[in-house]
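Hello,

Here is the structure I promised to pass on to you. Please have a look at it, and then read on for what turned up.

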Amino acid sequence: MLETQVTKAPPSLLYMVKQVELVVRSHLDDLVRPSGITALQYTALTVLQRHDGLSAAQLARDSFVTAQSIADLVRSLETRGLVRRERNPNNRRELLILLTEEGRALLARHEAPVRELEERMVRDLTAHQTEQFRQALTTAWHALS
């Protein structure tokens, strides 16, 4: 009887990216849960930290959620006092979403634990490999955007 060796193909990159996303989101949920927010809400707050005063549509795109989901998310964050909405002075029909001091304080409390999670994710990579990883992810994102 001939023995044949079957070589399994490595998992697809899409599968591997999804695995990383799911494990990061799980850890991030665990980190922010004591503050009463979700990983998605935390992501939206960090987007506002980088680009304060976005429209709901812009925040949805940058936070990787649908326009319908962002409405509920913003309402929840606003109820908690973490964001506020105000009219766009250049377009009175548009509401801009802004981070409050309470929102900034919440982000500051989570800065170190979130940084530690990211460091844990790349701890077996050199600084050069980490930068290459960041560049590869950026390139992949741009290719699909």
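**The largest pocket**

This is a predicted model, and its largest pocket holds about 2400 Å³ of space. Lining that pocket are 40 residues, and those closest to its centre are Glu21, Val24, Phe64, Met121 and Leu137.

**The fold around it**

The protein has six helices and two strands, and from the N terminus on they follow the order α-α-α-α-β-β-α-α. Its radius of gyration is 19 Å, well over the 15 Å that the globule rule gives for 145 residues, so the protein is more spread out than a compact globule. The C-alpha trace spans about 75 × 30 × 30 Å along its principal axes.

Of the 145 residues, 27% count as buried. Among contacts with a separation of 6 or more, 48% are between residues 24 or more positions apart.

**What the record says**

An unreviewed UniProt entry lists residues 10–142 as "domain: HTH marR-type". Over residues 10–142, the chain is 68% helix and 11% strand, with the end C-alpha atoms 24 Å apart.

Best wishes

Note on methods. Residues numbered from 1 in each chain as written. Predicted model: local features only at pLDDT ≥ 70, side-chain atom pairs only at ≥ 80, totals over all residues. Heavy atoms only, no water. 1 Å grid on protein atoms, 1.4 Å probe; cavity = no way out; pocket = protein on both sides within 12 Å on 5 of 7 lines; lining within 4 Å. Points joined across faces, edges and corners; volume = space filled by probe spheres on them. UniProt positions renumbered as here; feature names shortened; annotations may be inferred. Helix = DSSP H or I, 4+ residues; strand = E, 2+ residues; numbered from the N terminus. Rg over C-alpha atoms; globule rule 2.2 N^0.38 Å. Buried < 20%, exposed > 50% of the residue type's maximum accessible area, 1.4 Å probe, protein only. Contact = heavy atoms within 4.5 Å.
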